[in-house]
Amino acid sequence: MKGLIVTADDFGAAVEVNEAVELAHRDGILTAASLMMTAPAAADAVSRARRMPMLRVGLHLVFTEGRPVLPASEVPSLVNETGTFRSDVVALGCILMCSRPARLQLAAEIAAQFEAFRATGLTLDHCNAHKHFHLHPVIGSLLVATGRRFGLRSVRVPREPAAPLAPLAAKWPSIEAQLMAPFTGALRRKVVNSGMHVPDQVFGLRWSGQMTKTRLLHLIPRLPEGLSEIYLHPTTQTLSGHAKGDHDDSELAALIDPDVIAACRKATLTMGGYADFLSCVPKPRFDPEHNAA
C-alpha cells in the first residue's frame, strides 16, 4: 500500500496562505494543514477549516518567528524585548538544555498552544513544529508528553530518503540533513515508543518552498511503499516579513495542476490526513471533486 498525506504548513500565517490552503484542498491534492495558533490570520484559518470537514488539521507548534500564546512575562527565556519568540534558535536550544526555568516555561507554552487548538473545536489530526524545532530533544519530549494529554496520535518526523529525489537532487542529503539524522532517529523512537504514529518518509526538506509541478510529477510515481507525507508552503501571492518564510505561489499552482492530480490517480495512491491511516481499514481513493464534501 502506498499512502500519501499532502500537508500545507503555516496555516494561519497570512490570509494569502489560508486562501491557498482552501484552493489546494477544494481543487487540488492537499489533504491536510498544520495550524499556527498565534499567527496573524489564525482565526481566518479556523473559520475556513470549519467549512472544509475533509481537511485534516493539525497543530504547528511555534517557538520562533511568532508570538507565544502565554503572556511574554510568563515565558521570558523564550522571547526577546518585543515579546516575540527569540530568533537565535541555536542559543535558545542551548538554553533549553541548560536551564530548568526555561524548560518549565517551554512546557507551559506547549500546553497553552495545545489548549488553544482544542478551543477551536477542530479535531487534532497531527502535530509538528515550525522549522522542525521538535527535533530538539527537550521540545520533542515535551511535545510527546503534552500531546498525549490532548489526544495526539500522530507526529511528523522529517526523515527524507534520497532515492526518490534523484537525479533532480543529486547532492541530497546535504551536510545539514546528515547532521539532523541522529536527532530525527531519536525523535522517531520517542514517538513510536509512546504509541503514536509517524509517516514512513517525509518529503519537503530538500525542496522547501520550491515543490514545483516538475518536482511533484517526478516524486509522486517514485514514492516508496508505506505512508509518505509531502509538505509545502503554498500561498496565493508573495508575502513579506516573518510570513514570507518559504512560501511561494508556484507551490499552489503545483497542487492544483491537472497533471499532478492525474499523477496521483495513476499512482493509485490512498490519500488523506494522518487520522485516515490510523487503522488498517482501506480508505476510499482520493477524489478532488469530493474533497470538501
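Where does Pro173 lie? Pro173 is found in the loop between α5 and α6, and we'll come back to that loop below.

Some ground rules before the tour. This is a predicted model, in which local features need pLDDT of at least 70 and side-chain atom pairs count only at pLDDT 80 or more, while totals for chains, interfaces and linings use all residues. Residues are numbered from 1 along each chain as its sequence is written, and side-chain values use heavy atoms, with hydrogens and water left out. Helices (H or I, at least four residues) and strands (E, at least two) are DSSP runs, numbered from the N terminus.

## The core

A nonpolar core here is a set of buried Ala, Val, Leu, Ile, Met, Phe, Trp, Tyr and Cys residues joined through side-chain atoms within 4.5 Å. Buried means under 20% relative accessible area, exposed means over 50%, and partly exposed is in between (1.4 Å probe, protein chains only).

The largest such core has 85 residues, and Leu35, Leu61, Leu106 and Phe114 touch the most other members. Helix α4 (residues 100-119) supplies the largest share of this core, six residues. Apart from it lies another core, of five residues, including Ile5, Leu227, Tyr274 and Phe277. As a general background note, nonpolar side chains tend to be buried together in soluble globular proteins.

What does Phe114 touch, not counting residues up to four places away in sequence? With contact meaning heavy atoms within 4.5 Å, the partners of Phe114 are Leu59, Leu61, Leu124, Cys127, Leu143, Thr146, Gly147, Phe150 and Leu152.

Helix α1 (residues 15-27) has 13 residues and reaches 18 Å from its first C-alpha to its last, close to the 18 Å expected at 1.5 Å a residue. That expected span is 1.5 Å times one less than the number of residues in the helix. Buried in α1 are Val17, Asn18, Ala20, Val21, Glu22, Ala24 and His25. The cover over these buried residues includes β1 (2-11), β2 (32-35), α2 and α8 (249-255).

On α2 (residues 42-50) sits Arg48, which is buried with a relative accessible area of 12%. Neighbours within four places in sequence aside, Arg48 is in contact with Val15, Asn18, Glu19 and Glu22.

Helix α3 (residues 89-98) has Leu92, Gly93 and Leu96 as its buried residues. Looking down the axis of α3, these fall within an arc of 105 degrees, so they line one face of the helix; the arc is that of the directions from the helix axis to the C-beta atoms. The buried residues of α3 pack against α4 and α5, while the face turned away from the buried side carries the exposed residues Val90 and Cys98.

The peptide bond from Ala166 to Pro167 is cis, with omega near 0 degrees. The one from Trp172 to Pro173 is cis too, with omega near 5 degrees.

Next comes α6 (residues 175-193), with 19 residues and a reach of 28 Å from first C-alpha to last, close to the 27 Å expected at 1.5 Å a residue. Ser174 caps the N-terminal end of α6, with a side-chain oxygen 3.1 Å from the backbone nitrogen of Ala177. At Ala181, α6 bends by about 40 degrees, and a proline, Pro182, follows within four residues. (The bend is the angle between axes fitted to the seven residues ending at a residue and the seven starting there.) Ala177, Met180, Thr184, Leu187 and Val191 are the buried residues of α6, and they pack against α5 (137-149). Just after α6, Gly195 takes a positive phi of about 90 degrees.

Most residues other than glycine have a negative phi, and most peptide bonds are trans.

Arg67 lies in the loop between β3 and α3 and is partly exposed, with a relative accessible area of 45%. Leaving aside neighbours within four places in sequence, Arg67 is in contact with Thr38, Thr82, Gly83, Thr84 and Phe85. The C-alpha atoms of Arg67 and Asp249 are separated by 25 Å, and the two residues are 182 residues apart along the chain.

Terms used: Polar contact = N/O pair within 3.5 Å; in protein donor to acceptor, adjacent residues only side chain to side chain.
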